[in-house]
Amino acid sequence: MTRPYNFSAGPAAMPEEVLELAAAEMLDWHGSGMGVMEMSHRGSEFISIYEQAASDFRELLNIPQEFKILFMQGGGLGENAIVPLNLSKGGCVDFVLSGSWGQKSYKEAAKYAKPLIAASSEEAGFTFFPNPSTWSLNDSSSYVHLCTNETIHGVECHTLPDLRSMGSKAPLVIDFSSHVLSRSVDWSRVGAAFAGAQKNIGPAGLTLVVVREALIDQALDICPSAFNYKLVAGADSMYNTPPTYGIYIAGLTFQWLKRQVENGKTGLEAIELRNKTKSELLYNFLDSSSFYENKVDHLSRSRMNIPFFLKDESRNEAFLKGAKEQGLLQLKGHKSVGGMRASIYNAMPLKGVQVLIEYLREFERAHS
Ligand code: PMP
């Protein structure tokens, strides 16, 4: 069966191999007589699924042992509350804003902490990631929060800041929801990272948190127990019933990622290389055209989410209709930004980007 190419920003396209395997195992996982959804989270079958998923995630992202990996629920917006509940100590927190998701995190943190804006590109329409040399960090902040890939504005932080060299002692917290597992992470610069699963990992709801063990024992008293990092870590993510099916699909995705090969590289290195190739191809085409444009500064362009505009916006409807007819789905931009957006996560093959570019070229030819 040939499926259309799905450019949704999330929930997003999954690797076909993962969906096929999940379908094949739906009624009977590995001869257990049960589907994964029907298993106790404390039974040996599910525990083995969970342990494999956690160890593959650690291996893929090269996460050092001093970090705990938590499989939680609540998504990115849940973490906007859960992070300050666990890490702010009710004090000041610095935010660097480069798009809507950082802005949402900032607003939510005000319920539990005293958020400050260290830098923002809002006045420039969130078209770049503020250079660390421009940040004004507060000496007493409990942490510094960044969204390292702004899904709506298509702005990515390509090098994590070294807060120590900037004179800050605060840990760095990153929302890496929309580029998790698309590239490597320099964990020496990170205190905690969180990601909703619905872009590069699996079903919405499952949320991954990677947090330094040294930071997890300072939750506010009002922090709900099921969201308390220390309690969740102490119970190996089984403090409450975890999102078992989501963890299973995530595990299949991790295995798929480990199997990827590109130019002699494997796993995460392979997917990072492929993501560079895919995004460069699309940006180069957009830059070479006078019919379309992407407004993001070249140094901050996201490899995952590529917003673009038709210079003549009266053609938007026709563009989307034609795209759908060609099997190119969900290209409409976020309502707050308008235009189009191509989300090209790990599961989008190079071929999908090539077919999109063919369509862009043909539409331009037919309408100029
Ligand atoms: N952060 C980022 C970077 C996101 O892209 C999203 C969702 N698109 C969120 C947070 C919010 O995630 P959720 O809807 O799962 O709460």
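Serine 237 is buried, with a relative accessibility of 3%; buried denotes under 20% relative accessible area, exposed over 50%, and partly exposed the range in between, with a 1.4 Å probe and protein chains only. The residue belongs to the loop that links helix H5 (229-234) to H6, where helices (H or I, at least four residues) and strands (E, at least two) are DSSP runs numbered from the N terminus. Its phi is positive, about 60°, although serine 237 is not a glycine. The model is predicted: local features need pLDDT of at least 70, side-chain atom pairs count only at pLDDT 80 or more, and totals for chains, interfaces and linings use all residues. Residues are numbered from 1 along each chain as its sequence is written, and side-chain values use heavy atoms, with hydrogens and water left out.

Most residues other than glycine have a negative phi, and most peptide bonds are trans. Glutamine 330, also a residue other than glycine, has a positive phi near 60° and sits in the loop between strand S15 (328-329) and strand S16 (340-343). The peptide bond from glycine 10 to proline 11 is cis, with omega near -5°. Proline 11 is placed in the loop that runs between strand S1 (5-6) and H1.

Helix H1 itself (residues 16-24) meets helix H6 (residues 244-259), their axes coming within 9 Å and crossing at roughly 135°. Axes here are lines fitted to C-alpha atoms, for helices over the stretch in contact, and angles run from 0 to 180 degrees between N-to-C directions. H1 is therefore oblique to H6, given that angles under 35 degrees count as roughly parallel, over 145 as roughly antiparallel, 65 to 115 as roughly perpendicular and the rest as oblique. From H1, the contact (heavy atoms within 4.5 Å) is made by Glu17, Val18, Leu21 and Ala22, and from H6 by Tyr245, Tyr248, Ile249, Leu252, Thr253, Trp256 and Arg259. By class, 8 of these residues are nonpolar, 1 is polar and 2 are charged; Ala, Val, Leu, Ile, Met, Phe, Trp, Tyr, Cys and Pro count as nonpolar, Asp, Glu, Lys and Arg as charged, and the others, Gly among them, as polar.

Attention now turns to the sheets. An open sheet of 7 strands has the order S2-S10-S9-S8-S5-S3-S4, with mixed pairing; two strands pair if DSSP finds at least two bridges between them. Strand S2 (67-73) and strand S4 (114-120) are at the edges, each with a single partner strand, so one side of each has no neighbour in the sheet. From one strand to the next, the twist averages 20°. S2 pairs with strand S10 (residues 206-212) in the antiparallel sense over 7 bridges, and within this pairing phenylalanine 67 has arginine 212 of S10 as its bridge partner.

Two helices pack on this sheet. Helix H3 (residues 75-87) touches S2, strand S8 (172-175), strand S9 (192-196) and S10, and its direction makes about 155° with that of S9. Helix H4 (residues 100-109) touches strand S3 (92-97), S4, strand S5 (144-147) and S8, and its direction makes about 160° with that of S3. The buried residues of H4 are Ser100, Gly102, Gln103, Ser105 and Ala109; their cover includes H3, S3, S4, S5 and strand S6 (149-150). Serine 100, in helix H4, has a relative accessible area of 13%. Leaving aside residues up to four places away in sequence, serine 100 touches Phe126, Glu150, Ile152 and His153.

A second open sheet consists of 3 strands in the order S13-S14-S16, and its pairing is antiparallel. Strand S13 (292-293) and S16 are its edge strands, each pairing on one side only. S13 is joined to S14 by 2 bridges, and glutamate 293 has phenylalanine 309 in S14 as its bridge partner. On the other pairing, strand S14 (residues 305-310) and S16 share 4 bridges. There, asparagine 305 stands opposite serine 343 in S16, while phenylalanine 308 stands opposite methionine 340.

In a regular strand the side chains alternate between the two faces of the sheet. In S14, both faces are covered: Asn305, Pro307 and Phe309 are buried on one side, and Ile306, Phe308 and Leu310 on the other.
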